[in-house]
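Here are my notes on the two chain pairs, in the order I would read them. Please keep the model open as you go.

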4 protein chains.
Amino acid sequence: MTDIPAFKKKIINDPVYGFISIDHPLVFQLIEHPWYQRLRRIHQMALAQLVFPGAVHTRFQHSLGAYHLLMLALQELKNKGIAIDREEETAVKLAVLLHDAGHGPFSHALEGKLVEGIGHETISRMIIRQLIPTMGSQMEMALAIFDNQYPRRFLHQLVSSQLDVDRMDYLMRDSFYTGVAEGVIGYDRILKMLTVLGDELMVEEKAIYSIEKFIIARRLMYWQVYLHKTVLSAETMLVKIVQRAKDLCRKGVPVFATPALQFFLQTPANADIEHPDFLHYFCALDDEDVLACIKVWTQHEDPILATLSRALIYRRLFRLELSDHPIAAERITTFKEKCLQAFPFLDEETVDYFVYSDTATSYAYNPADENIRVLFKNHQVRDISEVENSLINHTVSIPIKKFYICYPKLLLERIR
Amino acid sequence: MTDIPAFKKKIINDPVYGFISIDHPLVFQLIEHPWYQRLRRIHQMALAQLVFPGAVHTRFQHSLGAYHLLMLALQELKNKGIAIDREEETAVKLAVLLHDAGHGPFSHALEGKLVEGIGHETISRMIIRQLIPTMGSQMEMALAIFDNQYPRRFLHQLVSSQLDVDRMDYLMRDSFYTGVAEGVIGYDRILKMLTVLGDELMVEEKAIYSIEKFIIARRLMYWQVYLHKTVLSAETMLVKIVQRAKDLCRKGVPVFATPALQFFLQTPANADIEHPDFLHYFCALDDEDVLACIKVWTQHEDPILATLSRALIYRRLFRLELSDHPIAAERITTFKEKCLQAFPFLDEETVDYFVYSDTATSYAYNPADENIRVLFKNHQVRDISEVENSLINHTVSIPIKKFYICYPKLLLERIR
Amino acid sequence: MTDIPAFKKKIINDPVYGFISIDHPLVFQLIEHPWYQRLRRIHQMALAQLVFPGAVHTRFQHSLGAYHLLMLALQELKNKGIAIDREEETAVKLAVLLHDAGHGPFSHALEGKLVEGIGHETISRMIIRQLIPTMGSQMEMALAIFDNQYPRRFLHQLVSSQLDVDRMDYLMRDSFYTGVAEGVIGYDRILKMLTVLGDELMVEEKAIYSIEKFIIARRLMYWQVYLHKTVLSAETMLVKIVQRAKDLCRKGVPVFATPALQFFLQTPANADIEHPDFLHYFCALDDEDVLACIKVWTQHEDPILATLSRALIYRRLFRLELSDHPIAAERITTFKEKCLQAFPFLDEETVDYFVYSDTATSYAYNPADENIRVLFKNHQVRDISEVENSLINHTVSIPIKKFYICYPKLLLERIR
Amino acid sequence: MTDIPAFKKKIINDPVYGFISIDHPLVFQLIEHPWYQRLRRIHQMALAQLVFPGAVHTRFQHSLGAYHLLMLALQELKNKGIAIDREEETAVKLAVLLHDAGHGPFSHALEGKLVEGIGHETISRMIIRQLIPTMGSQMEMALAIFDNQYPRRFLHQLVSSQLDVDRMDYLMRDSFYTGVAEGVIGYDRILKMLTVLGDELMVEEKAIYSIEKFIIARRLMYWQVYLHKTVLSAETMLVKIVQRAKDLCRKGVPVFATPALQFFLQTPANADIEHPDFLHYFCALDDEDVLACIKVWTQHEDPILATLSRALIYRRLFRLELSDHPIAAERITTFKEKCLQAFPFLDEETVDYFVYSDTATSYAYNPADENIRVLFKNHQVRDISEVENSLINHTVSIPIKKFYICYPKLLLERIR
């Protein structure tokens, strides 16, 4: 490749790590690609900024951050004598940069809703595949790593496992931008303790306390931030708004939208995602389209769409109650009845837009998933959840499930 | 006022200061107002995020941050025996929260361009005036403070002067979010050294070095960040895009836009800003409208609008050259000629959309503006620029003016 | 009290919290007292600096830090309507400032060894009592709070419990100075969630995750820092050095020492601590005496004292092996035999100076001690260890006990 | 070299930079040497901790920090294609680690006073020379670099110039430990802008603002911290104490001291520093000896020594007045007269121990010293003080000289 010598290293300022280096022309080419630049317009934490105003960072920064941690991890592994060739190194960097490329507007909050039934990993895979013709064999290897088809499994595990650079970056970054200092983890220490045995990623024994801290930090961030009741309220309202806009479109009611958003509002659930239009419009769509249109919808003639849109934009959010136990059916019924009285434009069929109940679940550590292996000095390997005296035991490995009900605040007064 | 006892203090997480307290119902009412919530959708640093990806923070956070610093400043002054009554305290808080409310999309970058010829302070004033009927006498006093009509001038100086909480917050916050650690200032130290003599705001003698550092940090942020050549390029391109969209509208060419943006694209320069529509549409307009529409314009049939829009959205920015000396006229002419060859859809009249030259100016310290007074132990008062051994002398007080030319990168190759 | 108006608030720079305010003349008087100034010369983390070179901070800073957190806690409680009068406020501040005043050289590392059989709390109490005549009724109340004799128990709990400001400061500060970022806790969040019910200190329900994080951080700091095997080695060697110096003194061998250290080297175990000399010499003794003398002892004619002293000063530390299981008696015997061969100046009686075995124990949370109570929204009160889904369950509440053996490194080669 | 493969990289926690790596066996051997370990017992900022309690860090940490920055600088230069061979790399690391090895107790505060007339660089050189026999050719090259005898001058400039890693580390570290956030510099940015032209160290043009910030930060730290009037008072009192102890020794009055301190108290000014005892005792001497003995001297029978010692240990410091103008001779005389009245044990000859006047000088940037060269894009090289629009002009390049008088506080009352 003749242009490598000509490539001048780039550095990017990052408030979390200081500087991030771009040291390979393919990596630079990818970052400059419109499909990667699009991540600048997708917030990392969806609507969490309505509670944590600082949390306005984007998938663009997060992906760069994960790439930075990957570089540190690769350096450590190479220092420990693990052979990683230049092609593998570039490929795994491309894989980590693209791991979130398939996220649509508001990431998880709208995942499977706006683009019905399709998860972001499916689309990330489509994007990687599309880039192979122009970016060559390294991108092909990146796809294999992403899909866990590459024989050296630790490369996949660095990108996607319970101890991947994705999680390390989002915990650090989300903690930094929300101001919730408690999410801070010892990422540099964990990275220094990574090792590889038989192509599997492990941590050395002395990292156990840092790993515990990492898992506990993640647990804390879930319940204190990601599933904060006001955040959950805003994000479920966003889902309702999109559903209503889709319903109206299907009924032929005109709904203002950018072309990209229009495409997905009108796409039926069982659409052919292989059609070229799909990826074209998907890669033109981001948070901006959705927010700009919801602002317009605050003036829509459909009172359901307009009321929901105003509530979100003006931050008059519904009340959301979290509970360890299922919400009693009568309680839901009572709220719906009051709601029908309060909002005459609702009926039996549409009252679910304003009163709804569901569950939120989180695992601190899932022993059934790509798990965290500890390599002991005596060469034993054990899952972190099986280490003696470890915190990561049954308590932490059981998913926590919470139940919630969500409804307009004014109903509360009517019920009391 | 009967609802004060019922008011429960709110706290807001902020990554820069930890927690920000909302301790008064009027302050809370203002923050909840849609006109204040709108600031969530205006980036503090316009397009600086194209160079500093972390710099995606908003005017919402900045205004809250300035309010937080104001609270600390008021506490210090009261500790030093300066009498400030509860009404003044609330009024100055309202004033600082609203000091940026009149910013339109992309703040300074588009100021006077989209809403032609109108500065943000004029609109902030209109907004404050509109809020008086619902928020009462404190808002009236806030307007007097904002307009420097209130007799106790130090309240105005806290909100707007060369040592105001606005500057302190934006230096701290912009430094934090860009990752340019050098912009950090000793805001806590400066605040502890504030004092008031004869209703004028001053700093105590021992704050001199901190003030120097503050002014030097501002100077550094200007040239390293705010006027970074790539940032300047992006922001001038944004101006060109808006101008082109306006031109097309005036010629009757349809341009996709949200209703609020449509209003301003079609408003002539000498419009009546007192017409109720003006403020209605202004307060519905933010960065989202502009960005979502520019994305749509990347497919517009007008090649000028489409090319500029694509260059911005896909980050294929024009090259901008900064110089200490005026750009030679021949150089500009040469670029324009090459440009006309390279882009056949341009003509003499429109080539200025692609090749343009202008100046950027910044003052580190402007001795003619609301200046910084130092109170010496011997009760003398001197301007910081007149203090012996001080750095803030003629060098720093002279505005630095730089000249620039901006053009598509491919022209460079044609010229060499 | 006539001198309060004349008292000018002092501020002290602190790298952890920014500024610490001294706002009461009695507090200032106490900090200026030689007995408080002495804490400048007692390292907070004893010999941990041999592993974590940054950890050279002192009990002086820690006590000021705990006092700062106490001020924040009192402010929060008063904001929540808990009545705390000015006298109580001053008394609890004095109590927290003095909570560590009874620490001798190298705090816990030498506690009960140099001053045989006497814990630091006994001496703190003696010091407080001595200060009553000059500092009046507030100091008397401080003693009652310190001794948990004051009826409003939450004041004692702020100073001494499993959620006291002492622990919060040392976790923050030790984490800061060691560079072990993982010890960082959300102290500001915890403080904001403190409340009082029936004179007992509690935390609000929503603090649960922060409390978990606090307890886990403490657990991590214990095993990663405080009981780090090299730190433990150095601190047990320090104990051996002091024991040897005492032994020599008792045998009449001259040992160089400052007068204060000489006093304690020669004081028998059952000495009368009420004798005025005791407190006089104790308050003249700190880390400097011990270190300066150990340096001199590197040249002592007794080879045991000289060898141990050199090993510590030149950082040729003994190897310490930690184990989850008791050290086998044969292993200890083998090491002792090799040691007797390697160091001919040792005999059966003195070989324990070079080869020794013991245990180290730590509780993450001790449900039998002053425990942490959670106040639920439904007004229930539960111990943190009994909260559903909480991590602070049996695993964390069981003390972890580790066994160790310590011996000169060269023995290892002889045994292999 | 056969032992390099066997060398396992060490990492050291550092609160300022996270982790510092020891990646070469010679570097490790040096750090383990008793002469390097001794730096653990020399405070970086002498008595500044009496004003900034956090500033208790040591020369040991500072030297490691400078070494860390050097490694980053070498990495950058190598990335830019500057050839630096392995031997040069090791040698310059050894040189930077030892640059402060010749500091005696309390570094600059006692420099030339306790060890009369000898600066720390002379002793650093002696130490390096002594280490050559055991550490070989790299140490010989380290000496050449230290002495600026090595032809590639940039290696010396990295260790010692106005832009050396020594200054960068001490600004960062002193700022960190004092809590004076304003001393923070963009060291990572400056390091990334370093370059070499013709064996001279330079910075690239775009580093100008960061360099300005660096010089201004240094200026601020001088006047706000290093020459803080209370710090200066304490450090001049320390000098007086040592002078008095020496005087007494010379008169044959017994003064308690550790052997190492005793040696220097009794060494006359023109002693033979080449005598082997000199370096032996010097390397046994540190802050601990001095502080432990001053504590003993608080009870000395000589009232001058005892009074000064008590004033320092109990922090009853003399008042120091700083002035831009010389102290009037009459003012000094008046203070001396009052002092003779207040302290009957003083006479004409000894009153200078209690009342004294002198000057303190600092350069922000000294154009006559190893200066800072800027490499412009047009390949011009200019001194930073000659750059157009630069702050580092005549104002900053002129040394600031302040005059002071120092006297016991009680005299102030007698004079008023």
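1. A word on conventions. This is a predicted model, in which local features need pLDDT of at least 70 and side-chain atom pairs count only at pLDDT 80 or more, while totals for chains, interfaces and linings use all residues. Residues are numbered from 1 along each chain as its sequence is written, chains are lettered from A and ligands numbered from 1 in the order in which they are written, and side-chain values use heavy atoms, with hydrogens and water left out.

2. Back to chains A and B: 41 residues of chain A and 41 residues of chain B make the contact (heavy atoms within 4.5 Å). The pair buries about 3500 Å², with 59% from carbon and sulfur atoms; buried area is the accessible area (1.4 Å probe) that two parts lose on being put together, summed over both.

3. Between chain A and chain B the count is 6 salt bridges, each a side-chain nitrogen of Lys or Arg within 4 Å of a carboxyl oxygen of Asp or Glu. One salt bridge joins A:Lys295 to B:Asp286, with the closest N and O atoms 2.8 Å apart.

4. Now the other pair. Chain D is superposed on chain C by a rotation of 180 degrees with 0.0 Å of shift along its axis (RMSD 0.0 Å), fitted by least squares on the C-alpha atoms of residues with pLDDT of at least 70 in both. That is the relation of a two-fold axis. In chain D, the C-alpha of D:Glu288 is nearest the axis, 2.7 Å from it. The same surface serves both copies, as 100% of the contact residues of chain D recur in chain C.

5. Chain D and chain C bury about 3500 Å², 58% of it on carbon and sulfur atoms. Their salt bridges number 6, and D:Lys295 meets C:Asp286 in a salt bridge at 2.8 Å, N to O. Polar contacts link 12 residue pairs across this interface.

Technical notes:
A polar contact is a pair of N or O atoms within 3.5 Å; within protein, one must be able to donate a hydrogen and the other to accept it, and residues adjacent in sequence count only if both atoms are side-chain atoms.
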